[in-house]
Amino acid sequence: MKEMIGKVTLNDKFYKGEDLYNDGDDIENEMLEIAKAGNWREVLHKSRKWPVLYHFSDIRGNLIEWYPLQEGASVLEIGCGCGGISGFLCRKAQKVVGIELSKRRATINAYRNRECSNLEILVGNFQDMELEEKFDYVTLIGVLEYAALYLDDENPYEAMLRRVQGLLKPNGKILIAIENKMGLKYLNGAREDHVGKRFAGVEDYRFHTGVRTFSKPELVQMFENCGICKFQFYYPCPDYKLPDSVYSDAYLPGPGEVRIWNTNYDMPRIALYNDAIMADQVCRDGMFGYFSNSFLAVCNESESKVVYAHYAKQRRMGYQTSTIIFDQEEQFRVEKRYACSSERDYDIFKAMNTSYPILQDEFKNITYLKPQVTGAGDETKLEYGCLSGVSLEQKILPLLRLPKEKILSAFAEIIDYCFEVNQDMLAEFEITDAYRNMFGDVSVGGAVQSLKVSNLDMTFGNLMLQDDGVYCFDYEWVFDFPIPLDFLKVRCLDVFWAKFNMYVSYKVKRQELLQAVGIRKEDIPVYMKMEKKFEEFVYGEDNYSQYLDNYKKPSMVLNLSNA
């Protein structure tokens with residue numbers, strides 16, 4: 001029987017009258033009411049419940065929003081759940097057919113995506129369905145690990161893949177998202193997602209049956225056993241459930257880019273050691289592909305058009321952006337777009353474009369990549385080339401092994417080099433209306449140097465070393481009113497400190513580092529107030545967009561160093 005919910009077709013032809021999977025009646029009934037009311041964005045900022053976050057956050061769409069589906073594509077989404085991914089697929093494909101075990105979840109999905117006329121949801125067990133249609137893509141997002149519960153076969157995981165292969169058109173592809181049982185967080189005390197026990201996957205599920213995840217080599221072997229000879233792996237970070245970045249083998253993270261501590265939203269966790277330091281080591285050794293917390297594997301794909309994607313969706317809606325890096329004939333190209341439609345007081349891409357000629361002349365030792373801007377408003381697209389090599393951040397990291405005095409003198413030298421200003425680009429500091437709107441009436445005492453145009457994004461991670469000098473390749477926050485030059489230096493050091501303080505905080509304090517580069521002690525609290533006001537500008541005064549913090553579960557470090 002078919003029914004229409006909005007423009008969505010809900011088909012329960014294969015439904016046997018029992019929902020075989022749920023998070024509990026109370027929470028799922030609550031989510032159904034949320035979906036019917038259409039107020040999930042508001043609820044997200046008030047709730048503290050993991051299922052609400054997981055099923056309704058648009059951050060989930062970062063997993064596949066960047067993926068270039070072919071034009072006019074048809075998609076079969078097995079295990080479409082409450083629609084966290086379905087809507088994104090509907091915006092990219094001509095037709096989406098979802099399969100969901102639970103009628104209640106299928107109903108939630110339909111209400112959530114009620115405007116999608118290209119979505120049909122089949123309710124029932126995939127094993128019981130005889131599907132005659134072939135698809136360009138089949139997705140198994142958080143599904144393959146459950147195959148043993150619903151497929152009656154000696155090797156249900158390979159059986160699932162073989163059956164899915166039979167539903168593909170020629171050159172069709174399978175997109176699989178699944179946890180990595182050897183992921184960094186699981187090696188360091190995070191509970192396994194499905195059975196809720198620590199080290200369950202690491203110990204190869206010796207006490208558990210019915211559900212399992214896999215390491216990368218195990219997945220590769222599984223694909224090959226099923227006759228899948230071409231595949232690409234991508235690495236959602238911090239995991240596939242709520243990723244802000246997606247890496248690939250062609251574009252792996254460097255030290256400082258992976259920080260998974262305190263991203264546990266479903267269950268409390270412990271840590272046996274500092275996993276940021278381990279992550280840096282893994283990235284430095286080029287091993288992130290083995291230790292990533294999750295995988296997105298695309299079967300029957302021989303090459304990657306997109307090598308990296310990043311979404312800044314915790315900002316105010318008007319400032320949310322996507323950054324995609326494409327591989328074009330072995331040359332990378334960066335493309336930035338706005339991630340959502342909204343009014344904005346500040347046009348990021350217009351500011352980058354118009355400020356480029358001025359920024360190019362401000363610092364003696366910094367060159368800026370020239371952007372190319374097309375379109376307008378929400379449809380603005382900004383493009384520029386992508387540099388190879390290492391960031392200044394990664395180059396500096398080994399200096400943290402030095403004795404304290406050498407660390408301080410090294411940073412003073414680096415800051416002096418990066419912030420050496422062409423004198424004709426200096427401007428007299430004054431509290432203008434534009435400054436007051438951004439920072440309030442906060443001001444430092446004494447003579448203060450400022451610039452005609454200030455790039456608040458001039459951090460070590462955005463500076464790339466090349467044979468002919470240092471290049472700045474990302475500068476979203478650029479303002480044409482006087483801002484203290486020392487504030488830029490403080491931001492540069494604080495971004496670095498936030499990533500790497502665990503290496504040196506036992507021998508160097510933040511204030512010592514700031515004073516070593518010439519920041520006056522009495523000015524440090526002023527710059528902290530400025531930073532707080534700037535974050536309110538980007539994220540909202542009440543951190544409206546930073547709702548993820550509301551869901552964080554307790555974290556505890558077990559110090560076993562003397563055990």
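Which residues in α14 meet which residues in α16? In this predicted model, local features need pLDDT of at least 70 and side-chain atom pairs count only at pLDDT 80 or more, whereas totals for chains, interfaces and linings use all residues. Residues are numbered from 1 along each chain as its sequence is written, and side-chain values use heavy atoms, with hydrogens and water left out.

On the α14 side the residues are Ile407, Phe411 and Ile415, and they meet Lys489, Cys492, Leu493, Phe496 and Val504 of α16 (contact means heavy atoms within 4.5 Å). Seven residues of this contact are nonpolar, none is polar and one is charged (Ala, Val, Leu, Ile, Met, Phe, Trp, Tyr, Cys and Pro count as nonpolar, Asp, Glu, Lys and Arg as charged, and the others, Gly among them, as polar).

Helix α14 spans residues 404–418 and helix α16 residues 485–504; their axes come within 13 Å and cross at roughly 150 degrees. Helices here are DSSP runs of H or I with at least four residues, numbered from the N terminus; axes are lines fitted to C-alpha atoms over the stretch in contact, and angles run from 0 to 180 degrees between N-to-C directions. The crossing angle therefore makes α14 roughly antiparallel to α16 (over 145 degrees).

A second pairing joins helix α7 (residues 156–165) to helix α9 (residues 216–225), packed at an angle of about 55 degrees with axes 10 Å apart.

Technical notes. Helix = DSSP H or I, 4+ residues; strand = E, 2+ residues; numbered from the N terminus. Parallel < 35°, antiparallel > 145°, perpendicular 65-115°, else oblique.
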